[in-house]
Every structure is written in structure tokens, then in C-alpha cells.
Amino acid sequence: MSLAETVVSRFPEPIRSIALKHRELVKFALVGGTCFVIDTVLFFGIKIVVLPNNPVTAKIIATLVATIVSYVLNREWSFRTRGGRERHHEAALFFLVNAIGIVLNSAPLYVARYLFHLQEPHVSRFTEELSDFLSAQIIGTLIAMAFRWYGYKKWVFPEENARRRPLDEEEALGHS
């Protein structure tokens with residue numbers, strides 16, 4: 001039994017049944033959560049330390065790094081049995097879907113900063129930071145996440161069971 005299945009087996013019903021039924025979505029959400037943390041830490045680190053006058057650029061850089069991590073984790077874990085494309089084609093589509101995701105993720109921040117002027121000196125520093133977090137990390141991430149989930153299943157990893165899952169220990173021993 002895999003680590004994920006061991007953890008899920010300890011969930012109370014009906015959460016366990018739902019998690020097992022929608023395991024790709026659960027894995028996608030866990031990868032997304034991990035990448036959200038990476039993206040958030042990098043976004044605020046770059047925005048505060050390196051590019052204080054360019055928050056959208058900081059957001060794009062942070063999202064690019066999180067996207068690379070996301071590709072590896074999604075391909076090798078979340079969608080490990082899906083595929084149907086040559087690796088280079090799959091990677092190109094993944095990064096195309098994520099390029100659109102970066103635009104969708106950065107758009108609310110752009111709107112908040114440059115259309116609604118939610119930045120100093122128009123608002124307080126606290127309001128600016130709260131606006132940046134809500135627009136870039138919450139609203140933008142939710143919009144991009146929904147698009148990515150659809151895009152990965154539709155275009156990047158379109159075929160179920162295209163790649164064989166590594167054998168469980170019992171199957172390897174001939175007990176299945």
C-alpha cells in the first residue's frame with residue numbers, strides 16, 4: 001500500500017470513500033497546496049527583497065518556479081497513470097496550459113494594483129499587502145487552479161491508464 005493510501009485509509013467515512021473515489025483530484029490538490037506554499041513564499045520574498053516596485057514580475061517569477069515543481073509532481077504522482085502523448089509534447093502542453101494559468105493567476109493582481117490603484121500612496125501599506133495577497137494568492141490561484149485541472153485532464157494527460165502504474169508489492173509477488 002502506498003503512503004497516500006495508508007494516510008487515506010485512516011480518514012473517517014465518508015471522507016475516505018470520497019478521497020479514494022477522487023484520488024487524482026486529491027493528489028492534484030496536495031500538489032497544488034505544496035506549490036501554493038512555494039509560490040507564496042517566493043512571491044513575497046521576491047516582491048519585498050528583490051523587486052519591490054514590480055509585484056507582477058515577482059508574481060510571474062514565483063509562479064514559474066512553482067510550475068516547474070508542479071510538472072514533476074503532477075506527472076510522476078497526481079497523473080502518473082495518465083498520458084497519451086510523447087514526453088516532449090506533454091511537457092510543451094503542460095507549460096502552455098501553465099502559461100495561460102500564469103496570466104489568469106496574475107490578472108487579479110494587475111487589476112487590483114493598476115486599475116483599482118490598491119497600492120501606496122493611494123492606500124495604506126497594510127491594505128496594499130492584503131490586496132496583493134487576496135488578489136494574487138487567493139483569487140488568482142483559484143481561477144488558475146480550475147483552469148489547470150481542466151487543462152491537464154483535457155490536453156496534457158488526456159488518456160486514463162496510458163502509463164502502467166508501478167506494481168504494488170502484492171502484485172509483484174503474484175498475489176493479485
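What span should the 29 residues of H5 have at 1.5 Å a residue, and how far apart are its end C-alpha atoms? The points below take up this helix and then its surroundings.

1. Basis of the note. This is a predicted model, in which local features need pLDDT of at least 70, side-chain atom pairs count only at pLDDT 80 or more, and totals for chains, interfaces and linings use all residues. Residues are numbered from 1 along each chain as its sequence is written, and side-chain values use heavy atoms, with hydrogens and water left out.

2. Overall make-up. The protein chain has 7 helices and 0 strands, where helices (H or I, at least four residues) and strands (E, at least two) are DSSP runs numbered from the N terminus. Of the 176 residues in the protein chain, 35% are buried; buried here means under 20% relative accessible area, exposed means over 50%, and partly exposed lies in between, with a 1.4 Å probe and protein chains only. Among contacts with a separation of 6 or more, 74% are between residues 24 or more positions apart, a contact being heavy atoms within 4.5 Å.

3. The span of H5. To answer the opening question, the 29 residues of H5 should span 42 Å at 1.5 Å a residue, and the end C-alpha atoms are 40 Å apart, which agrees. The expected span is defined as 1.5 Å times one less than the number of residues in the helix.

4. The bend in H5. Ser106 is found in helix H5, which covers residues 87-115, and H5 bends by about 30° at Ser106, with a proline, Pro108, following within four residues. The bend at a residue is the angle between axes fitted to the seven residues ending there and the seven starting there. Ser106 is buried, with a relative accessible area of 6%, and it touches Val56, Lys59 and Ile60, leaving aside residues up to four places away in sequence. After H5 comes His117, whose phi is positive, near 55°.

5. The neighbour Asn105. Asn105 is also found in helix H5 and is buried, at 3% relative accessible area. Not counting residues up to four places away in sequence, Asn105 touches Asp39, Lys59, Thr63, Ser135, Ala136, Gly140, Thr141 and Ala144. Asn105 and Ser135 are 30 residues apart in sequence, yet their C-alpha atoms are 8.6 Å apart in space.

6. Two of the residues touched by Asn105, namely Lys59 and Asp39, form a salt bridge in which the closest N and O atoms are 2.3 Å apart. Lys59 lies in helix H4 (residues 55-78) and Asp39 in helix H3 (residues 23-50), so the pair ties together parts that are 20 residues apart in sequence. A salt bridge is taken as a side-chain nitrogen of Lys or Arg within 4 Å of a carboxyl oxygen of Asp or Glu. Lys59 counts as buried at 0% relative accessibility, and Asp39 counts as buried at 4%.

7. A search of the whole structure finds 10 salt bridges. In one of them the side chains of Glu128 and Arg113 meet at 3.2 Å, N to O, and this pair links Glu128 in helix H6 with Arg113 in helix H5, 15 residues apart. Glu128 is buried at 6% relative accessible area, and Arg113 is buried at 4%. Glu120 and Arg125 form another, with the closest N and O atoms 3.6 Å apart; Glu120 is partly exposed at 41%, and Arg125 is partly exposed at 43%. Salt bridges that share partners join Lys47, Arg113, Glu120, Arg125, Glu128, Glu129 and Asp132 into one network.

8. Glu24 lies in helix H3 and counts as buried at 17% relative accessibility. Its contacts, not counting residues up to four places away in sequence, are Ser78, Phe79, Arg82, Trp149 and Lys153. Glu24 and Lys153 are 129 residues apart in sequence and 10.0 Å apart in space, C-alpha to C-alpha.
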